[in-house]
Amino acid sequence: MLRKSIRQLGTICGYLAGVFLAGIAVATFAQISARQFGIPIDTTELSGFFLAASTFLALAYTFVNGGHVRIELVSQFAPERVRLAIEIWACAAAILIVGYATWHMTAFTIQTYKFGDLSPGLMAVPLWIPQSAVSFGLIVMLLSILEQFSVVLTGRRGDYEYNTDSTAE
């Protein structure tokens, strides 16, 4: 039940990442179209926020579906027990690294909210808004790694070992 919920959350974040990518395209199209009529619109800042949201919201979805680059030069030729030990070590290291990044990014977002920091561009957006998408993406990534770590600890292969995108094979 919990594993399924984490997977669904990762999938929802993956779709949201796609929406933000589409938002970049719409903003760019609006800027180009407005320029044709002599209306200056600056979408650089908005596109940057959308890019950050898209990148971090897509992390968990990409991880669980085997989309991140993995180097298996040693583990692919190792005996099953050694391969399992390498996977456990890799997942544990990922938990520590992503956990560290998640903790500090979330603390930074809360601090930005408390201080009322605004973006330096023309839009003057409260910075906690785009930062919260980054923090949330990291939180979901951490949950996904923990979920896959529980799979690996039982001796099974993680879902991340199978690339669901057949075009990458």
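A crossing is left-handed if the near helix is turned anticlockwise from the far one by less than a right angle, and right-handed if clockwise. The model discussed here is predicted.

Q: Which hand does the crossing of α1 and α2 have?
A: The crossing in which α1 passes α2 is left-handed.

Q: What makes α1 and α2 roughly antiparallel to each other?
A: Helix α1 (residues 2-36) and helix α2 (residues 44-64) pack at an angle of about 150 degrees. Angles over 145 degrees count as roughly antiparallel, and α1 and α2 are therefore given that label. Their axes lie 7 Å apart.

Q: What classes of residue make up the contact of α1 with α2?
A: That contact has 16 nonpolar residues, seven polar and one charged.

Q: Why is Ser47 called buried?
A: Ser47 has a relative accessible area of 14%. Buried means under 20%, so Ser47 is buried.

Q: Where is Ser47 found, and which residues does Ser47 touch beyond four places away in sequence?
A: Ser47 is in helix α2. With residues up to four places away in sequence not counted, Ser47 touches Ile24, Ala27 and Thr28.

Q: Why is Val134 called buried?
A: The relative accessible area of Val134 is 9%. The limit for buried is under 20%, so Val134 is buried. Val134 belongs to helix α4 (residues 128-153).

Q: Which residues is Val134 in contact with, leaving aside neighbours within four places in sequence?
A: Val134 is in contact with Ala52, Phe56 and Met105.

Q: How far apart are the C-alpha atoms of Val134 and Ile88?
A: They are separated by 26 Å, and the two residues are 46 residues apart along the chain.

Q: How many aromatic pairs does a search of the whole structure find?
A: The search finds two.

Q: Why is the pair of Tyr113 and Trp128 called edge-to-face?
A: The ring centres of Tyr113 and Trp128 are 5.3 Å apart and the ring planes are at 90 degrees. Rings pair if their centres lie within 6.5 Å, and planes over 60 degrees apart count as edge-to-face, so Tyr113 and Trp128 form an edge-to-face pair.

Q: Which parts of the chain does this pair link?
A: The pair links distant parts of the chain, with Tyr113 in helix α3 (residues 80-115) and Trp128 in helix α4, 15 residues apart.

Q: What makes Tyr113 exposed and Trp128 partly exposed?
A: Tyr113 has a relative accessible area of 52%. Exposed means over 50%, so Tyr113 is exposed. Trp128 is at 33%, which lies between the limits of 20% and 50%, so Trp128 counts as partly exposed.

Technical notes: Residues are numbered from 1 along each chain as its sequence is written. This is a predicted model: local features need pLDDT of at least 70, side-chain atom pairs count only at pLDDT 80 or more; totals for chains, interfaces and linings use all residues. Side-chain values use heavy atoms; hydrogens and water are left out. Helices (H or I, at least four residues) and strands (E, at least two) are DSSP runs, numbered from the N terminus. Buried means under 20% relative accessible area, exposed over 50%, partly exposed in between (1.4 Å probe, protein chains only). Contact means heavy atoms within 4.5 Å. Rings of Phe, Tyr and Trp (its six-membered ring) pair if their centres lie within 6.5 Å; planes under 30 degrees apart count as stacked, over 60 as edge-to-face and the rest as tilted. Axes are lines fitted to C-alpha atoms, for helices over the stretch in contact, and angles run from 0 to 180 degrees between N-to-C directions. Angles under 35 degrees count as roughly parallel, over 145 as roughly antiparallel, 65 to 115 as roughly perpendicular and the rest as oblique. Ala, Val, Leu, Ile, Met, Phe, Trp, Tyr, Cys and Pro count as nonpolar, Asp, Glu, Lys and Arg as charged, and the others, Gly among them, as polar.
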